[in-house]
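Hi,

Here is the structure I promised to pass on.

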Protein chains: 2
Amino acid sequence: MTDPAGPEATPTPPTSAAVARRAGVSRATVSYVLNGQAAGRVGVRTQARVRAAAEELGYVPHAAARSLRAGRGRIVLLAAPADAVPAFGPLFADFLAGFQTALHHLGYTGVLHGAPAASPLAAARDWAELRPAAVLALHGPPLDAAAVELLKRSGTAAVLTTGPQAPPGAHALLLDQREAGLRAGAHLLAAGRRRIGVVLPADPRLTAFAEPRLAGVRDAAAAHPGAEVRPLVLARTEESATRLAARWPALDLDAVFAYNDEYAMLLLRALQDAGHAVGAAPGRIAVVGADDLLLARLLRPRLTTVRAETAAPDRIAHLVDALIRDPSAPPAAHRLGTFHLVPRESA
Amino acid sequence: MTDPAGPEATPTPPTSAAVARRAGVSRATVSYVLNGQAAGRVGVRTQARVRAAAEELGYVPHAAARSLRAGRGRIVLLAAPADAVPAFGPLFADFLAGFQTALHHLGYTGVLHGAPAASPLAAARDWAELRPAAVLALHGPPLDAAAVELLKRSGTAAVLTTGPQAPPGAHALLLDQREAGLRAGAHLLAAGRRRIGVVLPADPRLTAFAEPRLAGVRDAAAAHPGAEVRPLVLARTEESATRLAARWPALDLDAVFAYNDEYAMLLLRALQDAGHAVGAAPGRIAVVGADDLLLARLLRPRLTTVRAETAAPDRIAHLVDALIRDPSAPPAAHRLGTFHLVPRESA
């Protein structure tokens, strides 16, 4: 950081010593009262006096100082860049919001940390500076063993990653993307489709999610002799969708699983504009999206989609709390949710 | 927070003293090197030795300890719940991501803090526990003077709010929502529309944005004798849009500004399903959205929209840095961007 302004420009924050003086008690008493440890130690009237003095002086306990004393902070760091929040879809944002609320009720502060990092180790170093009690690596470069080790050594009690491959020492919060592909593929195959395109977003940030979805469709197709699965790369633009639709006759596919509803909507519209019929009926191109976006119901035919049902945010917050309180718990995979198909008109 | 596990469960983080011992230097030297203040004080070889020792021990400087010493942290706290990120639209998410990157390059850590709070003062108290160098109140209950005062007293150098009414002591980052309504209204009035509906989302979190947009349309209409502006409440559901479309004949409106593209898409589809023609041609219902969503171009007619051009995230990051370094700078309003109309087919 560039040089801060001189100290004369900074107002002096009130200290717990000032609160203690004003309330006529010791600093330890102030600490007990303001950190919720007064029961059985400090009388009710004294507690009220301490709170009033803190209020009058505008004193707020310093989370950082508390974490220095306790060796552990109250921060639960959720690593994901801000633009990943809408990229993951509204269900993810709702989950995050509910999760932050649930953490708050357990006494933690869930912050989204989205700074870019050159490597997993560089990311871990940035996160460690905040001395979080737990880190959830939701998005970004996959963590490795050295990054987990650095976090643990600097006092992070619990490290969790999403995705099936957690590095040593980290817990996995598992939302099996493969299952999304499996559900979409099974639906299309049951309807008699045998030449299935699978859209892979050109955005490299989404590869870690798109590849297992493709693998899921392949797994579903393995049970159907003669079924063929073909990856199709699509950028999130109308132009890219128009180009893919123009190639459709040469591709000779009768169905497509389009990664998510946004890509599905782009392709569905481009296929229609190129004169192709989209729909569940035989002879039409079947299109399946994912995420169950509200807006995907506004196109015609209405989009068939795969939707994730995630565990209640409270349950995940309690899990994180338990892992923080038992840092020696052996790393395990914890299921975050499952996928199911929502049939509408497009497939 | 519930009781942490006993100390035996916590690995002991390496200290700067351990780094100093290993490198054979003083703790002050370690501090100079790892906090970027070594130039002219510590030789290049010694710097390399300190860095190597820190690397070997897995030592990371503690941002909190540094802020305790300096009286000020490196955290720039962006207050907005996670589900507000997509609610504000993809432009906002892109801005946030760019802003976090720009802050990172200036040596700050931009974290999104989304915990719920019962009041502005309660929110400020939660934020203050992280001792942020700056707070940007992007969303949530509007800050008041007491909340700003509490933040300042606990060492936050700069408090910024979005929206035109900043409380005393806070800077305003101004994206004038009234202008969005003004642009939409002017476009519709220039096309000869005189009975204009304005959609207000039923979601109370959006009222602070919707009301000034309505006021902007009213301002535009004031110059046209006989022009009429009518607020219409709409929930973000297909059912609510269907109900509003069913009332349309009684409303007798020839145009609508629909808050944003999502509400516009819902209403456009519902109007079409109810047998109304939507479009720019006379006799059709003109529909204008806002945000310029990619998906809004997939409906037919393509949606006419109002789009915000925001200042480069770098510029705002530099502004925040300047305000942190000069906490006595008199509060002012800083323009975040402007709105312009993107004409397509629906109006």
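**Helix packing in chain A**

In chain A, residues A:Q177, A:R178, A:A180, A:G181, A:L182, A:G185, A:A186 and A:L189 of helix α9(A) meet A:F209, A:P212, A:R213, A:A215, A:G216, A:V217, A:D219, A:A220 and A:A221 of α10(A). Contact here means heavy atoms within 4.5 Å. Sorted by class, the residues of this contact between α9(A) and α10(A) are ten nonpolar, four polar and three charged. For those classes, Ala, Val, Leu, Ile, Met, Phe, Trp, Tyr, Cys and Pro count as nonpolar, Asp, Glu, Lys and Arg as charged, and the others, Gly among them, as polar.

Before going further, please keep in mind that this is a predicted model, in which local features need pLDDT of at least 70 and side-chain atom pairs count only at pLDDT 80 or more, while totals for chains, interfaces and linings use all residues. Residues are numbered from 1 along each chain as its sequence is written, chains are lettered from A and ligands numbered from 1 in the order in which they are written, and side-chain values use heavy atoms, with hydrogens and water left out.

Back to the helices, which like the strands are DSSP runs numbered from the N terminus (helices H or I, at least four residues; strands E, at least two). Helix α9 (residues 177-190) of chain A packs against helix α10 (residues 207-222) of chain A at about 40°, and their axes are 6 Å apart. That angle makes α9(A) oblique to α10(A). Axes are lines fitted to C-alpha atoms, for helices over the stretch in contact, and angles run from 0 to 180 degrees between N-to-C directions. Angles under 35 degrees count as roughly parallel, over 145 as roughly antiparallel, 65 to 115 as roughly perpendicular and the rest as oblique. The crossing of α9(A) past α10(A) is right-handed, a term for the near helix being turned clockwise from the far one by less than a right angle, with anticlockwise giving left-handed.

Another pair in chain A is helix α1 (residues 16-23) with helix α3 (residues 44-57), at an angle of about 125° and with axes 9 Å apart. α1(A) and α3(A) are therefore oblique to each other, and α1(A) passes α3(A) in a right-handed crossing. On the α1(A) side A:A18, A:V19, A:R22 and A:A23 take part, facing A:R49, A:V50, A:A53, A:A54, A:E56 and A:L57 of α3(A). This contact of α1(A) with α3(A) has seven nonpolar, no polar and three charged residues.

**A pair in chain B**

In chain B, the axes of helix α11 (residues 238-246) and helix α13 (residues 261-273) come within 8 Å and cross at roughly 50°. α11(B) is therefore oblique to α13(B). The contact joins B:E238, B:A241, B:T242, B:L244 and B:A245 of α11(B) to B:L266, B:L267, B:A270 and B:L271 of α13(B).

**Cores and a buried leucine**

Which residues touch the most other members of the largest nonpolar core? They are A:W248 and B:W248, in a core of 178 residues. A nonpolar core is a set of buried Ala, Val, Leu, Ile, Met, Phe, Trp, Tyr and Cys residues joined through side-chain atoms within 4.5 Å. Leaving out residues up to four places away in sequence, A:W248 touches A:L232, A:L253, A:V256, A:L267, A:L271, A:H276 and A:I285. Another core, of 38 residues, lies apart from it and includes A:L130, B:I75, B:L77 and B:A137.

A:L96 sits in helix α6 (residues 90-105) of chain A. A:L96 counts as buried at 1% relative accessibility; buried means under 20% relative accessible area, exposed over 50%, and partly exposed in between (1.4 Å probe, protein chains only). Beyond its neighbours within four places in sequence, A:L96 contacts A:L78, A:V85, A:L112, A:L138 and B:A82.

**Backbone details**

A cis peptide bond joins A:R300 and A:P301, with omega about -5°. In chain B, the bond from B:R300 to B:P301 is cis, with omega near -5°.

A:D252 has a positive phi, near 55°, and is partly exposed at 45% relative accessibility. Phi of A:Y259 is near 70°, and A:Y259 is buried, with a relative accessible area of 6%.

Best wishes
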